[in-house]
Structure formats: C-alpha cells, structure tokens
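Here are a few exercises to work through with the model open. Try each task before you read its solution.

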Amino acid sequence: MRLLAGTLALILLCSCSSDAADAPPPVTYAEKDRPAEAKRLLTGRDWYRHAVFYEVNIRSFQDADGDGIGDLKGLISRLDDLQALGVDALWLMPMYPTPFVDSGYDIADYRDINRDYGALADFDELLSKAHARGIRVMVDLVLNHTSDQHAWFTESRSSKTNPKADWYIWRDTPGDPNIGCGTVNDTFGKDAWKLDPTRNQYYFHRFYAGQPDLNYRNPEVVQATLDVAKFWLDRGVDGFRCDVIALLYESKDGCDFIPETQEYIRKLRALLDGYPDRVMVAESTDYSGSSAYYGTGKDMFHMAFNFQYGYLWGLPFAGNAAKNVARPFEDSAKKNPEGAQDGLVIGSHDVNRAFVAAREIESRWLRAAFVQLTMPGTPYIYYGEELALRPGTQVVVDGRDSARTPMLWSKAAGFGFTTGKPWIAFGAEPEKTNLEVEKADPKSTYSFYRKLLSVRRGREAFGGGALQILAADDPTVLFYTRASSDETYVMVVGMDEDDGHTATVAGANLPGDGQLLFGEGALVREGSAAKVTIPAAGTAIFRVR
Ligand code: GLC
Ligand code: MG
C-alpha cells in the first residue's frame with residue numbers, strides 16, 4: 001500500500017516535471033491603461049479606424065411609446081446597453097419620412113424624421129445623448145433616388161415643363177441606349193422604366209418603381225443633394241453611410257462608379273472635410289473588392305464595405321481551408337491605397353442573418369465575427385448579431401425582412417422591445433436569444449462578443465496595425481498577426497470543426513512568447529518558428545509583445 005502510494009507520487013511528480021519541461025514559461029506583458037488608450041484612439045481625425053460601429057434598424061430596436069414600432073426615444077433608452085457592449089458609433093438606417101416601399105430607402109423628405117420614429121427634436125436629443133457617452137452617430141445618405149412621394153418628384157412628374165422637369169430621368173419610350181443598365185437584382189423586379197400617366201412619359205428607376213432615380217446630369221440636383229448632406233452635417237451628425245453611391249450617374253457603357261460619379265464623390269468629400277472629424281463609408285457595389293472607393297486615399301471614402309468577406313464568408317467557413325478566409329484581406333492589403341480602411345460586416349439589413357449564413361452552426365458565426373473583429377478594417381455589427389438573432393418569417397416589405405425583426409432585450413412579454421404588438425413578428429427562438437438570457441450565460445454569443453470587444457478596446461494594433469498572414473504547415477489553421485509600434489498580437493482560428501490541431505508556422509519570428517488573452521489554445525516559440533495548438537473550430541488571441 002505504502003509502496004503503491006509512493007510509486008503513484010513518483011509517477012505524478014515525473015509527469016508533472018516532464019509537462020513543465022514542455023510548457024512555455026508563463027508570460028504576462030505589462031498592461032497599459034486601456035480606457036485611457038481607448039479615449040486617445042477614439043479622439044481626433046482617425047477615430048473611425050479604432051471605433052466599433054453598430055448598424056441600427058430604428059424600427060426594430062426599441063419601442064418607447066407602445067405602438068409596436070421602434071423609435072428614437074427607444075434607441076436613446078438603449079444607449080447604455082450599447083455602451084456596455086463596447087459600441088463607439090452608430091449607423092442609423094434611414095429615419096426619414098417614407099411610404100416604406102423599400103423600408104425607408106425611399107425617402108419622401110430628406111430633412112425630417114419619420115413620425116413613427118419621432119421628430120427632429122428627438123434626433124437632436126439622440127445626438128447629444130450619444131455624444132455625451134462618446135458614441136458617434138452616422139446617418140444613411142440615400143442619394144441615388146428619392147421616393148415617388150418626394151416633393152421633387154411630385155413636381156417633376158406634373159408636366160414636361162415645370163422647374164424640376166429634368167430632376168429625374170424621363171423618356172418617351174421605356175429604355176435608352178445611353179443608359180446601359182437595368183435593375184440591380186430580382187428583389188426589385190426587372191423593369192427599370194415606369195410610365196407616369198400624368199406626364200405621359202417613362203421614368204428610370206434602378207430599384208422599386210417607388211424609387212425614381214435622380215438625374216445627376218442636372219447641376220441643380222447635384223447642388224440640392226449636397227445641400228442635404230450639409231443639412232445633417234450642420235445638425236451635428238458624425239458622417240454618412242452612402243447608399244449605392246456608385247450608381248448616381250448612368251452612361252452608355254455602364255452605370256457603376258463611372259468618372260462622373262467619382263467626381264460627385266470628391267465634391268461630397270470636400271464638403272465633409274469642411275467639418276472636423278466627419279467620415280463617410282461607401283456601400284460598395286463591387287463584391288470583388290472596395291479599393292476603387294478610396295480614390296487617392298484622401299479624396300473619396302474613409303471606409304468602404306468589403307463584401308467579398310462580409311457577404312460571402314459563409315462559403316469559406318463551410319470548408320476548412322484557412323486560405324479561403326484570408327483571401328479577401330490579402331486582396332485588400334494588396335489593392336487598397338495607403339490609408340484606406342475597409343468596413344467589415346458579417347451581415348446587414350440586406351442579407352440573411354449570420355445565423356443563416358453559418359448554416360446554424362454556432363462556431364461558424366462566432367469565428368466569422370472573430371475574423372471581422374480582428375482583421376484590418378472597422379467592424380460594423382448589425383444589431384442582433386451579438387445575440388445570434390434568428391431569422392423571422394413574416395414579410396411586410398420583402399424577403400429581406402427575415403433579418404429585420406425586433407431586437408430582444410428581456411424574457412418579459414414583448415421581449416422588452418414593445419408593450420404593444422410588434423410591427424413584424426419576432427425571429428425564431430426569442431426565449432433563447434434575448435439579452436437578459438445571454439448576458440447571464442458565459443457561453444452565449446453575447447458573452448463572446450462582449451469579451452472580444454473588451455480585449456480589442458484600447459489596443460491600437462487592431463484599429464491600425466499592420467497585418468501579416470502566415471501559412472501554417474496545416475492548411476486548416478489560420479494564423480495572422482497585427483502589430484502596432486509597440487505591441488503585437490497573434491490570432492489563430494481552427495477551421496476544422498471536428499478536431500483540434502497542432503501546427504507549426506515556419507518563419508513566424510515572434511518577438512516574444514504568447515500570452516493568451518482570448519479563447520483557447522497554446523502558442524510556443526521554437527526558434528524562428530511558432531507552434532500553435534487550437535481546439536476544433538477554436539479561436540484564440542495571444543499577445544507576443
Ligand atoms: C442599398 C440598401 C438597400 C436598398 C437599396 C436601395 O443597397 O442597403 O436596403 O434597398 O440600397 O436604396
Ligand atoms: Mg414606437
């Protein structure tokens with residue numbers, strides 16, 4: 001008995017000491033004052049490189065008056081929750097008066113607020129309360145078209161001779177060889193010309209028939225739309241998300257980002273640059289990359305969405321090749337001009353919920369978000385992604401409504417969204433995917449986001465640091481580093497969803513041993529190589545300097 005105990009002790013000792021020989025010496029790097037760093041990074045001209053953006057669908061975010069429709073007062077009441085998550089800036093979907101044939105992207109008055117959401121005074125209150133918390137506010141600038149209910153169109157359609165007769169694109173017959181484009185996609189139907197019975201002419205519309213395209217060949221339209229931008233800048237907004245901005249001008253050879261449109265974008269940028277620290281982000285219409293939208297890096301957009309990753313990540317994550325996830329970021333690094341900063345999404349109001357794109361596999365949407373939040377670019381979280389909101393089935397406007405269902409705040413009736421009847425039915429499994437339940441669960445999607453955002457916060461390497469993607473000797477292991485002048489981080493993503501992997505990265509030349517900050521795994525230096533262990537479908541962040 002005694003002997004056995006002694007032997008056991010010896011075995012334990014031996015295995016302990018041999019483990020100790022393999023294990024890296026634990027390393028902890030000196031911490032900075034991260035809140036102070038965050039404040040520094042989020043102040044001044046480059047704030048947007050370090051900010052975490054959040055896209056809000058006001059209608060579905062928080063209803064304050066019980067009519068079942070989200071509103072500005074509701075959003076104001078949720079600013080604390082957004083701050084707790086780690087949000088630094090909001091992008092508001094259109095909040096203007098609208099007949100809602102395209103969920104507000106059909107604007108009936110550029111200078112007012114949809115009555116369902118509140119009034120200009122509420123908007124001003126949102127701005128000041130957000131700003132008081134250090135949260136910036138960007139509005140959606142939809143300039144390609146107006147609603148057919150906009151006063152400009154009412155006038156334009158009234159006759160062939162009125163002062164705004166030429167503000168839209170009118171022809172005697174449907175079609176024009178000098179306008180070489182049809183509609184964007186099937187969501188909007190195929191016929192781009194509609195007969196107006198009053199004027200007895202056809203008008204051109206890239207989107208729904210209720211969204212006539214403005215005629216930018218008319219200088220008055222150029223001035224009027226720049227004045228709209230000025231109106232909101234004067235009101236204090238921090239910038240714009242520019243809706244289908246590449247489509248403003250049409251020509252025989254094409255309608256996407258033609259030189260005339262680029263010229264307009266430069267004018268818009270010049271206007272913006274007259275105000276301190278304002279920024280604009282382009283909704284790119286180019287899925288192969290966003291580099292064109294930056295111009296020289298100083299004369300067009302501060303940011304442009306990289307949809308090559310943002311809308312297509314479901315494909316690489318359905319396989320297990322690390323290089324397919326890395327490709328859009330390598331492309332951007334190669335093609336973008338100095339100073340460009342992509343906007344990174346994993347979903348939006350236009351596409352399926354991340355939950356659907358991930359084919360309902362949790363580790364896929366979590367890894368997609370991990371890459372979004374650690375690769376170069378500014379992340380834009382679409383509301384509810386942090387809860388893995390499920391798709392809805394009710395259609396009010398069109399199929400995209402599946403990703404526009406109400407935010408879920410609590411277990412209460414109406415899930416904290418409304419005390420009334422919601423304007424559209426909740427997504428599936430609301431009792432599982434509400435903030436109250438997920439906050440209390442350390443393994444929830446919300447806890448994943450909150451932890452990751454807090455690790456990222458106040459670390460310059462993530463907003464502005466150089467990227468290095470290194471090939472491991474195992475094609476299922478994604479390995480990349482981000483470095484600022486005095487700190488370096490290593491990110492590891494396991495693409496194999498069934499098994500953990502240990503891989504070697506030759507020539508990693510890490511400046512120090514790995515301190516695990518997020519996720520699970522191990523990182524050891526072996527000379528100039530790095531040896532990394534990552535669990536099945538795992539994610540990890542190590543600091544190495
Ligand atoms: C953009 C918007 C989309 C809208 C379209 C027309 O793509 O994101 O929701 O339908 O422009 O304005
Ligand atoms: Mg309401």
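**Exercise 1. The cores**

Which residues have the most contacts inside the largest nonpolar core?

Solution. A quick note before we start: this is a predicted model, where local features need pLDDT of at least 70, side-chain atom pairs count only at pLDDT 80 or more, and totals for chains, interfaces and linings use all residues. Residues are numbered from 1 along each chain as its sequence is written, chains are lettered from A and ligands numbered from 1 in the order in which they are written, and side-chain values use heavy atoms, with hydrogens and water left out.

- Step 1: A nonpolar core is a set of buried Ala, Val, Leu, Ile, Met, Phe, Trp, Tyr and Cys residues joined through side-chain atoms within 4.5 Å. Buried means under 20% relative accessible area, exposed over 50%, and partly exposed in between (1.4 Å probe, protein chains only).
- Step 2: pick out the residues. The largest core has 142 of them, and those with the most contacts inside it are Y54, L90, L92, F123, W232, F240 and V371.
- Step 3: find the top contributor. Helix α8 (residues 219-235) gives the largest share of this core, 8 residues. Helices (H or I, at least four residues) and strands (E, at least two) are DSSP runs, numbered from the N terminus.
- Step 4: look elsewhere. Apart from that core lies another one of 17 residues, including V492, A508, L510 and A530.
- Step 5: zoom in on F240. Skipping neighbours within four places in sequence, F240 is in contact (heavy atoms within 4.5 Å) with residues that include M138, L141, W232, L272 and V281.

**Exercise 2. The whole chain**

Why does the radius of gyration of the protein chain agree with a compact globule?

Solution. 

- Step 1: apply the rule, 2.2 Å times the number of residues to the power 0.38, with the radius taken over C-alpha atoms.
- Step 2: compare. For 545 residues the globule value would be near 24 Å, and the chain has 26 Å, so the two agree.
- Step 3: Along the principal axes, the C-alpha atoms fill roughly 105 × 50 × 40 Å.
- Step 4: The chain holds 17 helices and 19 strands, and 58% of its 545 residues are buried. Among contacts with a separation of 6 or more, 69% join residues 24 or more positions apart.

**Exercise 3. Positive phi**

What is phi of R359, and where is R359 found?

Solution. 

- Step 1: phi of R359 is near 50 degrees, positive in a residue other than glycine.
- Step 2: R359 lies in the loop between α13 (354-357) and α14 (362-374), and is exposed with a relative accessible area of 54%.
- Step 3: now A537, also not a glycine, with a positive phi of about 55 degrees. A537 is in the loop between β18 (529-534) and β19 (539-543), and at 13% relative accessibility A537 counts as buried.
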